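Have the structure open while reading.

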Amino acid sequence: MKEFAKNFTKKVVGPAAVIAFLISIVVSFAGFEIPSAVIYVDAGLIVGFFALYTITEGLGAYVLRRLGQTVFVIWVIATLTFVLLRIIPGGPFDQEKALAPEIKQAIEAKYGLNDPLALQYWHYISGAATGHLGYSYKYVGREVSEIVSESFPVSFQLGMFAMVLSFLIGIPAGVFAASHHNTWKDSLTMIGAISSVSLPSFLVAAIMITIFCFGLDWLPVALWDGPSYYILPVVVLGLRPAAIIARLTRASVLEVIQSDFIRTARAKGLAEQIILYKHVLKNSLIPVITFAGPMAAELLSGAFIVEHIFNIPGMGKHFIQSVTNRDYPLVIGVTLVFATLLVFANLIVDILYTYFDPRIKLS
Amino acid sequence: MSTPSKSLWFDAYKRLKKNRAALYSGVFILLLCGVAIFARVLSPYSFDDQNMDQILTTPSLAHWLGTDDLGRDLLSRLIYGAQMSMSVGIFTAIFSLAMGVVYGALAGWVGGRIDAVMMRFVDILDSIPTLVLLILVKILFDSVNVFMHPELRALVGVLMALSIFGWIMLARVVRGQVMQVKQLLYVEAAHALGAKNLPMLFKHVLPNIMGPIVVVLTFQIPSNIMFESFLSFIGLGLQPPYSSWGVLANAGWKTIKTYPHLIIAPGLALFLTMLAFNLLGDGLRDAVDPKSK
């Protein structure tokens, strides 16, 4: 029974979650709105997989402890940002043209800026715990959580497209280079990879916009309104992670190719393609999975620049704008969301290790 | 024993010499440093010389790369940009090195509960995306520092932000290495001979982990240069009239439709520098630790 539950989780729920997720991404890239029912199914499958996997593999204590740590980390970050933004001299409503003192008083009272610090802190933390991050200073009357929940799906789409793209390019490129080790094909691929790692995203964007938007007039220059809008930002964002994945995959494949079980497979007379794609690739993906955690961070940071360049209404663009506008509640809100995403990405990657490499034991 | 003793660095240098790409990259970086140091002599104009009769010109004999929207010579601004970008990258890397080595060595050497607390702090900083952390630290330093000129204030803010973000990686590497070396027999022997803790750390442990530290540093410098240019590009970094490659890219972006060379030139300069540092870093890593290949 226990074996059955384990296998069911690993062989049915996991793949089903991945397939459902990938289908949604493809459909969404094609420009169709994903119905919320499908989003719930996707989320349910993914959460269900992790829940089942945690239980069947006996990782419950580990995951609970990590979740506890996560809450702690986010609390510390929330407190640090709160303190940071309170010790900065100059309030958000100091403008070049001074406001009448009564008006300023009234505004500050409205946002609770005259309360004792401890009370402000309590309001802030208890609000954050229930998903209320206060009101934006700049967009009058709008809650930060509202702005975040509007811009998050855009950033999430951008990040996921770029991630899928980087795996689609990176893994085959790495396998290709490794299987032609020490030939010009290998060198060329690796020169391409290290060049892509070194390319600043604004240069890629500038070149592509000059060619495809101004020169050929094929693609729109900015915004996020449909498939033709997605192409340039996704390519610009995905290029660097793709190159890193290609380098990792190549190194890992080269290592696995030398191992004994591959020699055995060759001795058995298996076709080279089968060896490469079935035996080698499967075993060399572990370091690539390892990169998924840092990649989440990479995509989040990279998305800042890309959203800025292409004027995409995601969280990165809002963050940059809110810093320029001194809209501190929005700065804190977006920071918290980013940090939460990153912490969860790392937790998920750690759990996935054990899935791909059963030799790893979490404790 | 007649074989002459070879130091780690001599060996590493011999291996590095065989790696052509890394070697040329090293030469390129040295040249770039030369250009940065002698910017005043080399550049035909000053970085803020405006010539209002020559606005947004295409490349010509007088202005090899043309001029920008205020009639400033692009080549001169690129050269001064090299000075700013390189010095920001190198200065912040050295600062993070100092912090990272002290922090990491302490955590790794002392171990136990103190190590756990110190590393948890590093974990927390690590769970904020780099650019967010950079911008938050910069907001902090912008507001508390004493410089009157807004440009100078922005510069100091960028320097502090990059230094503070950079030491995290170094601290992790140093801690890991110290923990490994700590268990080696020669350290135990030194203990048995009555060596004191701190002198031993500096005399016996740190010199033995210089290899990985230098490699991390080679990757840290370009990453700092890149992040400086990102910050300046989105308008939260250095401010004109200072000229760094990111500042130039920020200005060039505004005229991309009509004068794409204004953004492509600083972008290419940045790209070549990144490429050189990455190739040199790869080469150094293989040279210092041949097993890692």
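Angles between axes of 65 to 115 degrees count as roughly perpendicular. The model is predicted.

**Helix pair in chain A.** Helix H9 (residues 227-257) of chain A packs against helix H11 (residues 272-284) of chain A at an angle of about 115°. Their axes lie 9 Å apart. H9(A) and H11(A) are therefore roughly perpendicular to each other. The crossing of H9(A) past H11(A) is right-handed. On the H9(A) side, the contact uses Ser252(A), Val253(A), Val256(A) and Ile257(A). H11(A) supplies Leu276(A), Val280(A), Asn283(A) and Ser284(A). By type, the residues of this contact of H9(A) with H11(A) are five nonpolar, three polar and no charged.

**Arg66(A).** Arg66(A) sits in helix H3 (residues 60-87) of chain A. Is Arg66(A) buried or exposed? Buried means under 20% relative accessible area. Arg66(A) has 15% relative accessibility, so Arg66(A) counts as buried. Its side chain makes a polar contact of 2.6 Å with the side chain of Asp350(A). Beyond neighbours within four places in sequence, Arg66(A) touches Asn346(A), Leu347(A) and Asp350(A).

**Chain B.** Chain B has 12 helices and zero strands. From the N terminus on, its elements run α-α-α-α-α-α-α-α-α-α-α-α.

| Chain B item | Value |
|---|---|
| Residues counted as buried, of the 293 residues of chain B | 51% |
| Contacts joining residues at least 24 apart, among contacts in chain B between residues at least 6 apart in sequence | 70% |

Note on methods. Residues are numbered from 1 along each chain as its sequence is written. Chains are lettered from A and ligands numbered from 1 in the order in which they are written. This is a predicted model: local features need pLDDT of at least 70, side-chain atom pairs count only at pLDDT 80 or more; totals for chains, interfaces and linings use all residues. Side-chain values use heavy atoms; hydrogens and water are left out. Axes are lines fitted to C-alpha atoms, for helices over the stretch in contact, and angles run from 0 to 180 degrees between N-to-C directions. Helices (H or I, at least four residues) and strands (E, at least two) are DSSP runs, numbered from the N terminus. Angles under 35 degrees count as roughly parallel, over 145 as roughly antiparallel, 65 to 115 as roughly perpendicular and the rest as oblique. A crossing is left-handed if the near helix is turned anticlockwise from the far one by less than a right angle, and right-handed if clockwise. Contact means heavy atoms within 4.5 Å. Ala, Val, Leu, Ile, Met, Phe, Trp, Tyr, Cys and Pro count as nonpolar, Asp, Glu, Lys and Arg as charged, and the others, Gly among them, as polar. Buried means under 20% relative accessible area, exposed over 50%, partly exposed in between (1.4 Å probe, protein chains only). A polar contact is a pair of N or O atoms within 3.5 Å; within protein, one must be able to donate a hydrogen and the other to accept it, and residues adjacent in sequence count only if both atoms are side-chain atoms.
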